[in-house]
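Work through the exercises below with the model open. Each task is followed by a stepwise solution.

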Amino acid sequence: MSSSEINMLIDMGFSESKAKAVASFSSSDDDLNFYFRLLAHSDDAEPSSEPPIAESAPASIVQTPDQEDTADAGGQVSTTEIAKSMKCDICGKLFKSNLEVEIHATKSGHDRFSESTEEKKPLTEEEKREQLRILTEKLRQKNKERDEQEKKDAQEREKNRIKSGKEMAQARRRLEELEMKKILEERKREKEEEKQARQRVREQIEADKAARRAKANVDKVPTEPPPVPLSPCTTPSKKEYNETKLHIRLTNGETLTQNFGSKEQLSAVRLFIELNRTDAPDSFNLMTNFPKKIFTEDDYETPLNVLGLVPSAVLIVQRKVE
């Protein structure tokens with residue numbers, strides 16, 4: 001109910017607290033509104049000799065036989081009975097104000113009313129208490145139903161929140177699993193590619209070794225050495241070695257040991273170090289201590305026997321200083 005309607009109730013004789021009590025209910029609580037308004041109106045003063053509905057009564061209402069005018073000796077006309085209430089022609093209920101008529105019409109849908117000389121009796125104290133009890137019981141039931149509904153709504157909201165949280169957690173977990181699976185597959189693919197690359201390098205090294213050995217065998221032409229007379233001063237000829245054993249000392253102190261063909265180039269040793277080293281993969285130089293020598297880029301194309309690394313030698317890996 002709007003503030004203008006509350007003011008209208010106050011202007012019609014309702015106290016401010018009762019008008020606000022009536023207005024506190026929503027339009028959906030028609031029964032409670034109806035009882036509140038009846039109770040509020042029942043405490044008002046008795047109607048005066050002029051009924052409150054006289055002004056709004058239609059001018060064309062036909063007078064009943066009980067309301068016939070009688071003339072006195074002086075020729076003046078007076079009314080013997082006056083309308084004291086409004087009566088519903090459908091259900092027969094009496095109402096003493098237009099407000100009650102409007103409430104009843106809104107509630108029941110009845111639309112035929114007429115003036116009546118019957119006076120609506122005010123509620124007795126017992127009837128008021130009974131109406132108040134009924135109203136209080138209805139209000140309590142209404143509040144109980146509202147509380148239960150609010151509780152159900154809160155439970156439903158909590159269930160929806162929990163369900164939504166679980167669904168979000170499951171979706172996030174599935175996404176994380178997919179990401180982890182993708183990372184593992186990528187790492188597996190990289191390792192496989194690295195393994196294949198190493199295998200290709202090893203195969204290439206073996207092929208190069210085989211080609212060099214085949215070339216060395218083809219180039220080797222057996223010749224008969226001329227007979228040399230032996231003398232006490234003659235030194236025996238130098239022994240030819242086909243392989244050499246190299247000990248390679250890395251920058252972290254560890255040592256790699258590998259046999260190489262005496263005709264292999266120093267670049268094969270460098271490639272072996274790059275594939276098998278356990279220290280930091282930095283650029284490096286190769287050197288020897290006895291005699292001390294640092295091999296240059298030109299030395300990597302030289303056979304090991306020419307570099308004096310046959311039948312065995314110790315190579316030291318030295319970090320290259322830029």
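**Exercise 1.** How many bridges join strand S6 to strand S10, and do they run parallel or antiparallel?

Solution. The model is predicted: local features need pLDDT of at least 70, side-chain atom pairs count only at pLDDT 80 or more, and totals for chains, interfaces and linings use all residues. Residues are numbered from 1 along each chain as its sequence is written, and side-chain values use heavy atoms, without hydrogens and water.
- Step 1: find S6 at residues 243–249 and S10 at residues 312–319. Strands (E, at least two residues) and helices (H or I, at least four) are DSSP runs, numbered from the N terminus.
- Step 2: count the bridges. Five join S6 to S10, and the strands run parallel. Pairing takes at least two DSSP bridges.
- Step 3: Lys 245 stands opposite Ser 312 in S10.

**Exercise 2.** Which way do S8 and S10 run?

Solution. 
- Step 1: S8 covers residues 284–289.
- Step 2: four bridges join S8 to S10, and these strands run antiparallel.
- Step 3: Met 287 stands opposite Ile 316 in S10.

**Exercise 3.** Is Ile 183 buried, partly exposed or exposed?

Solution. 
- Step 1: locate Ile 183 in helix H5, residues 125–219.
- Step 2: apply the cut-offs: buried is under 20% relative accessible area, exposed over 50%, partly exposed in between (1.4 Å probe, protein chains only).
- Step 3: Ile 183 has a relative accessible area of 37%, so Ile 183 is partly exposed.
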